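Hi everyone, thanks for coming.

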Amino acid sequence: MGKLIFQFLLIVGSFLGVWLLLSQINFLEGDDVEKFAKENEKRLGSLILKAIKSTGKETKSTELKAFVDSIGSRVCEKTEIKFDSIKVLIIRSSEVNAFALPDHHMVIYTGLLEDAKNPEEVAGVIAHEIAHMEKNHVMKKLGKEIGLSMLFAIVGGDAGGEIIKQTAHTLSSSAFDRTQEQEADDFAVDAMAKANIDPEHLANFLFRLSQQGDDMPDELVWLSTHPDSKDRATEILKKKKLLKFDTIPVLKTPWKEVQKLTGGSDDDESDD
Amino acid sequence: MEFAYAPNDYESEKASNGYLMSVVAVIVGLPLPIINLLATFFYYMGNRKSTFFVRWHCLQALLSQILIVAFNSAGFYWTMSIIFGDNHVDNRYIAYIITLLVFNLIEFIATLVAAIQTRKGKHVQFFFFAPLTNLICKA
């Protein structure tokens with residue numbers, strides 16, 4: 001009987017072994033988007049960033065930037081990601097939105113900072129967006145929505161400013177697919193728990209946004225780009241129960257004080 | 001290893017057909033992984049009162065399908081979840097399909113060899129499945 005079990009384990013083991021070994025091969029290496037991303041992501045990122053900056057809505061408040069950096073660094077502290085490598089741009093706008101750009105750029109709208117009830121909610125959103133960067137969702141989305149030939153035209157300088165703006169608009173206002181959102185949520189929950197931030201704050205943010213959505217659909221862009229918010233909030237709460245963490249506040253400064261630095265959003269802001 | 005007695009030509013043919021049943025069913029039943037299992041199962045059921053040599057080989061042919069059917073079913077379910085669900089093709093999936101192809105090919109060749117040898121009256125014993133058959137099939 002022992003010999004029989006050994007032989008059974010040998011067959012199953014060899015199957016799993018072959019599978020595991022073959023899994024190490026990157027069969028999708030020839031994937032055009034991946035290849036494009038490796039060679040051109042930096043240039044594409046800087047072109048899109050330039051287009052966003054050209055609107056002149058970037059906040060000048062270094063203090064606000066420092067607070068956001070502090071929140072980002074905290075949520076990344078126990079992950080392999082260095083928040084210093086992520087370039088954050090804060091834009092004055094009443095839109096509740098944040099999104100990732102190619103080459104580790106992240107855009108956060110002051111509307112999101114104003115809507116958040118505490119810095120922990122912002123930490124959750126930042127962690128979620130970092131996951132989209134780390135898992136290469138951004139380039140995959142661009143490949144799908146804009147098309148590879150158009151992306152080549154952009155980095156080659158053959159596309160006009162309007163097309164670059166359109167590309168930026170795609171990143172800021174269209175949704176990732178459900179699997180990618182799920183991956184980003186999973187990453188955010190883990191990163192938050194490791195940094196001793198309660199992941200429930202991200203769930204609260206999603207849940208509140210989904211409830212506000214009916215009253216102010218135009219402002220809550222992050223909601224439209226992150227669908228199924230209620231279901232995802234429920235999933236986050238389920239995952240949270242499986243994790244052990246302490247709860248340490250992200251900022252010592254009262255959140256209301258930080259929010260004052262946003263200057264009430266939009267073009268009429270007088271920063272610094 | 002020799003069998004307890006020398007099977008006659010009729011027995012060899014019937015036993016050999018047990019293996020051929022799964023080979024033919026694989027060709028007909030692709031991509032549904034359950035067809036070959038069902039074919040060998042019904043062939044075994046039809047011959048369970050036959051001579052020991054026939055029963056033994058029909059049972060080995062049946063048992064040798066079970067593991068590969070389990071692996072194939074997982075691959076089938078995975079493929080369906082990619083086509084109709086939220087899953088997408090990744091390296092792990094491609095690796096699994098290649099592994100499936102390799103193991104199915106090994107199983108296909110082994111079954112074919114067994115069918116030929118059994119037809120000649122030889123007692124072919126598969127790794128793992130022969131001792132398992134010995135446990136279940138009594139003279």
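Find F99(A) first: this residue stands opposite V107(A) in β3(A). Helices (H or I, at least four residues) and strands (E, at least two) are DSSP runs, numbered from the N terminus. Before going further, a word on the source: this is a predicted model, where local features need pLDDT of at least 70, side-chain atom pairs count only at pLDDT 80 or more, and totals for chains, interfaces and linings use all residues. Residues are numbered from 1 along each chain as its sequence is written, while chains are lettered from A and ligands numbered from 1 in the order in which they are written.

Back to our strands. Strands pair if DSSP finds at least two bridges between them. Four bridges join β2(A), residues 98-101, to β3(A), and the two run antiparallel. In their hairpin, three residues lie between the strands, and D103(A) there takes a positive phi near 60°. On to β1(A), residues 87-91: five bridges join it to β3(A), this time parallel. I90(A), for instance, has I108(A) as its bridge partner in β3(A).

So how enclosed is β3(A)? Five of the five residues in this strand, 105-109, are buried, so it is largely enclosed by the rest of the structure. Buried means that 20 or more other C-beta atoms, placed from the backbone, lie within 10 Å of the residue's own. H105(A), V107(A) and Y109(A) point one way, M106(A) and I108(A) the other.

Zooming out, chain A has 13 helices and three strands, and 38% of its 272 residues count as buried.

Now the cores. A nonpolar core is a set of buried Ala, Val, Leu, Ile, Met, Phe, Trp, Tyr and Cys residues joined through C-beta atoms within 7 Å. The largest has 60 residues, and those touching the most other members are V75(A), I108(A), A123(A), A127(A) and M192(A). Helix α5(A), residues 119-134, gives the largest share of this core, eight residues. There is also a second, separate core of 21 residues, including V23(B) and F128(B).

Finally, where do the chains meet? Contact means C-beta atoms, placed from the backbone, within 7 Å. Chain B brings 17 residues to the contact and chain A 16 residues. On the side of chain B, the elements giving two or more residues are α3 (52-84), α4 (91-119) and α5 (129-136).

Terms used. Two residues are in contact if their C-beta atoms, placed from the backbone, lie within 7 Å. A residue is buried if 20 or more other C-beta atoms lie within 10 Å of its own, exposed if 12 or fewer, and partly exposed in between; C-beta atoms are placed from the backbone.
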